[in-house]
Amino acid sequence: MKKRLFHIIFIALAFLTTTIAIATGSYFGAGLTMEVGMRSDILVLAPTDVVNEVATEANRETARVLAQGLAQVFTPDPNVWAIVSNNLDILDENLTAIRYNYTLERETFETEFAQWEVTIIEMAEEAAQQTALWNVANAEALAAGQEPPPMPIIPIPPSEPQWEGESLKYFADLPVIFNEAQQTLIVEMPEDHFNDLWDAIDAVAYNIQTQIPFQDITTTISHNIDNGIGVFRLDRASDDLAQHIIMSQLLPNAIPNETLNRQNYEAALANYETVVVHENEVLLGIGWEVTEEIYAMLAQLDMLSPDSILDNLYPMLGVFFLAGILFAISLMYMYFYHRSILDNTKEAALLWTLFTLTLLLVWTLRDFAYPFLPILLFPMLVSILIDRRSATVLSVSLVFILYFVVEGNFTFLLFYAVAGVLIALLSKFTTERAKVILVGLLVSILQFALSVAIAFIIQRDTAFYDLTDLFFTAGFAALNGLLVVILSMGSLPFWETFFGVVTPVKLLDLTNPTNLLLRRLTIEAPGTYHHSLIVANLAETAAYDIGANAHAARVGGYYHDVGKLKFPHYFAENLDGGENPHDHLDPINSAQLIMSHVSYGLTLAGEHRLPQFVRDIIKEHHGTTLMQYFFSKAKESSTQVEEKDFRYPFIIPQSRESACVMLADSVEAAVRSMIPKIQSVDEVEKTIRFIIRGKLNDGQLADSELSIRDVTVIEQSFFRVLKGMYHERIAYPKPEEPAKGSVAT
């Protein structure tokens with residue numbers, strides 16, 4: 001409960017620090033206090049490209065007015081020609097009928113006129129004849145003195161026939177008004193000439209009605225006729241008549257071309273200049289008046305202070321909820337895949353310290369324009385000091401949180417999310433000092449390439465416009481990567497000292513043979529030292545095979561029996577074949593003396609400041625195992641023997657690494673005691689299985705988190721190592737002599 005309370009406090013403090021950093025960071029920062037009309041006392045550079053919306057809107061409005069004033073484009077309506085064509089056909093029929101009637105009427109008149117002329121001639125001839133006869137008779141009467149004869153009666157000649165022109169009256173019923181000259185031209189025109197005229201009328205009317213859009217009937221009819229549209233060129237009178245007929249029959253056919261008018265409108269509407277203030281250009285100079293344009297751009301860039309906290313209330317709640325989700329994801333990941341951190345207060349405190357320091361440093365440097373060193377220090381230190389897999393998840397969560405602290409952009413998210421995971425994974429190779437510089441150079445190269453690649457993604461073709469800025473930023477990222485590795489490795493002693501964590505580098509130092517405790521073992525307890533080396537090899541191999549911390553298992557194997565330095569000659573591996581001192585001690589005293597090596601080992605570990613995990617392995621490597629030899633010996637001499645007096649009074653292994661050391665310790669001792677009695681490697685395998693199964697059945701592995709599969713893998717690992725180690729010492733039975741006359745195989 002105490003550990004759980006500590007963890008709840010760490011989580012609450014971390015979340016509280018996060019919310020404060022976000023609320024006071026650049027994303028929700030106080031911003032600039034500006035009003036339209038005031039004079040600026042600071043220089044403001046555009047942090048990124050920003051559109052001058054006020055000026056751009058003015059240009060957009062001008063374009064809109066011009067677009068609305070564009071003359072419409074019309075297209076001919078093909079449906080109108082059907083009406084016009086029908087009207088022309090009716091007119092043609094009517095004119096043809098009038099021409100026909102006129103021809104008949106003219107023929108009748110000419111016949112009547114010819115007959116009248118004949119009658120007049122005949123009557124004149126008869127009157128002349130009668131007059132001649134009267135003159136003769138009158139002369140004879142005068143000569144004879146007689147009365148003159150009566151004058152002959154001359155008939156009155158018929159009146160001259162008059163042309164009525166009744167057929168021309170039909171012109172009044174036509175929809176087209178023709179003057180007398182036009183009427184005469186129409187009725188007297190030869191048939192072939194009339195046909196040519198009408199062909200021209202049809203062709204010109206069709207051409208104008210279907211191909212030339214118009215609203216007023218003021219078209220270039222004569223131009224079409226003069227160009228021979230009607231097949232034959234007409235005389236002037238016929239030309240005028242054709243124009244008169246066509247103009248009387250044409251109908252307005254102009255309809256708006258919606259597609260073309262819309263395209264022209266949209267093109268004119270989009271034909272305006274977008275006014276842009278580019279990154280690092282002066283947005284507001286010292287002494288400048290804050291215009292509406294400048295104020296709008298400052299607001300667009302979120303550089304103005306909000307009028308009240310309510311302006312940011314809902315966005316803050318959304319960001320805080322997102323931060324809570326990221327915290328929950330990180331905690332669930334560690335609970336499922338790195339639960340030890342939830343049981344280790346020091347690791348939890350270390351993680352909280354790294355997170356808080358990173359948050360505070362980035363908050364302090366939130367207005368810095370280039371990559372932040374603390375952001376990438378976090379995943380590398382977490383990977384080295386705590387857990388590599390947890391570092392990758394926590395790094396991505398941290399980048400999303402810091403996005404709102406520094407008011408980052410998509411470039412920020414891409415670079416730090418990828419670079420953080422990259423550094424967390426590459427930290428695996430920092431366990432060897434010779435590779436630290438190589439890792440630093442590799443991180444620098446990869447971050448340089450990553451920076452350039454992201455520039456290509458975000459800026460597209462414009463990335464090449466400013467190569468100086470591109471390579472300066474990429475170079476800074478490369479330098480940042482190198483510094484991350486150097487500072488991380490350089491700060492490890494600090495974290496090891498104040499938080500008691502053990503890094504791979506520290507583990508290498510602990511396995512150095514020149515270490516004081518290991519030197520004492522080589523001198524004062526050489527058998528124990530040799531035994532510890534073998535146990536370390538066995539434990540390291542087994543831990544590696546089951547996916548545990550192989551380095552920790554090896555170090556634990558080196559120091560698990562360091563307590564035997566107090567009474568080295570009371571342990572079998574240091575007797576060198578001499579007299580066994582336990583032969584002169586009571587079994588209970590022998591057991592107490594053997595048990596004391598664990599307590600003294602813990603004392604030495606404290607004096608030499610060995611890491612906590614080493615102390616845990618010293619304490620747990622025997623667990624509550626029964627010392628069977630002394631227990632059996634005590635039972636032979638007394639019936640009043642309690643088993644608990646012969647069990648180690650400590651705790652069973654709490655980690656897989658500690659369990660590997662326990663099993664390696666027991667197996668190595670058992671196999672070593674059987675040499676050279678073992679006749680085959682099968683006996684070694686059986687012994688290993690017997691020892692491990694005995695620990696399992698005794699409950700010594702109950703809290704170690706080992707699975708049955710892990711136990712099987714450990715058995716195979718031990719057998720593989722011991723088979724190679726003791727192979728030459730196993731006395732194999734000599735082969736039987738082949739029977740006389742048989743063939744050896």
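**Figure 1. Tyr 206 in helix α5.** Tyr 206 is placed in helix α5, residues 191–211; helices are DSSP runs of H or I with at least four residues, strands are runs of E with at least two, and both are numbered from the N terminus. The model is predicted, so local features need pLDDT of at least 70 and side-chain atom pairs count only at pLDDT 80 or more, while totals for chains, interfaces and linings use all residues. Residues are numbered from 1 along each chain as its sequence is written, and side-chain values use heavy atoms, with hydrogens and water left out. With a relative accessible area of 40%, Tyr 206 is partly exposed; buried means under 20% relative accessible area, exposed means over 50%, and partly exposed lies in between, with a 1.4 Å probe and protein chains only. Leaving aside neighbours within four places in sequence, Tyr 206 is in contact with Trp 81 and Gln 211, where contact means heavy atoms within 4.5 Å. Between Tyr 206 and Ala 82 the C-alpha to C-alpha distance is 9.7 Å, and the two are 124 residues apart in sequence.

**Figure 2. Gln 183 in helix α4.** Helix α4 covers residues 180–188 and contains Gln 183. Gln 183 counts as buried because its relative accessibility is 14%. Apart from neighbours within four places in sequence, the contacts of Gln 183 are Leu 168, Phe 171 and Phe 178.

Figure 3. A search of the whole structure finds one cavity of 30 Å³ or more. A cavity is a set of points, on a 1 Å grid over the protein atoms alone, where a 1.4 Å probe fits but cannot get out, and lining residues have an atom within 4 Å of a point. Grid points are joined across faces, edges and corners, and the volume is the space filled by probe spheres set on the points. The largest cavity holds about 360 Å³ of space. Its lining has 20 residues, of which Ala 14, Phe 327, Leu 331, Met 334 and Leu 351 are the closest to the centre. At least two lining residues come from each of α1 (2–23), α10 (310–337), α11 (340–343), α12 (345–364) and α14 (388–406). Helix α10 gives the most, with five residues. By class, the lining has 17 nonpolar, three polar and no charged residues; Ala, Val, Leu, Ile, Met, Phe, Trp, Tyr, Cys and Pro count as nonpolar, Asp, Glu, Lys and Arg as charged, and the others, Gly among them, as polar.

**Figure 4. Glu 347 and helix α12.** Glu 347 is placed in helix α12 and, at 15% relative accessibility, counts as buried. Helix α12 has 20 residues and reaches 28 Å from its first C-alpha to its last, close to the 28 Å expected at 1.5 Å a residue; the expected span is 1.5 Å times one less than the number of residues. Buried residues of α12 include Leu 350, Leu 351, Phe 355 and Val 362.

**Figure 5. The buried side of helix α2.** The 16 residues of helix α2 (residues 53–68) should span 22 Å at 1.5 Å a residue, and the end C-alpha atoms are 22 Å apart, which agrees. Ala 55, Thr 56, Ala 63 and Ala 67 are the buried residues of α2. They cover an arc of only 120 degrees around the axis and therefore lie on the same side of α2; the arc is that of the directions from the helix axis to the C-beta atoms. The buried residues of α2 pack against β2 (50–51), α8 (258–269) and α9 (292–300).

**Figure 6. The buried side of helix α9.** In α9, the buried residues are Ile 294, Met 297 and Leu 298. Their arc around the axis is only 100 degrees, so they are on the same side of α9. They pack against β1 (44–45), β2, β5 (276–277) and β6 (282–284). Just after α9, Asp 302 takes a positive phi of about 55 degrees.

**Figure 7. Arg 609 in a loop.** Arg 609 lies in the loop between α22 (587–607) and α23 (612–620). Arg 609 is not a glycine, yet has a positive phi of about 55 degrees. With a relative accessible area of 71%, Arg 609 is exposed.

Notes: On a 1 Å grid over the protein atoms alone, a cavity is a set of points where a 1.4 Å probe fits but cannot get out, and a pocket is an open set with protein on both sides within 12 Å along at least five of seven lines; lining residues have an atom within 4 Å of a point.
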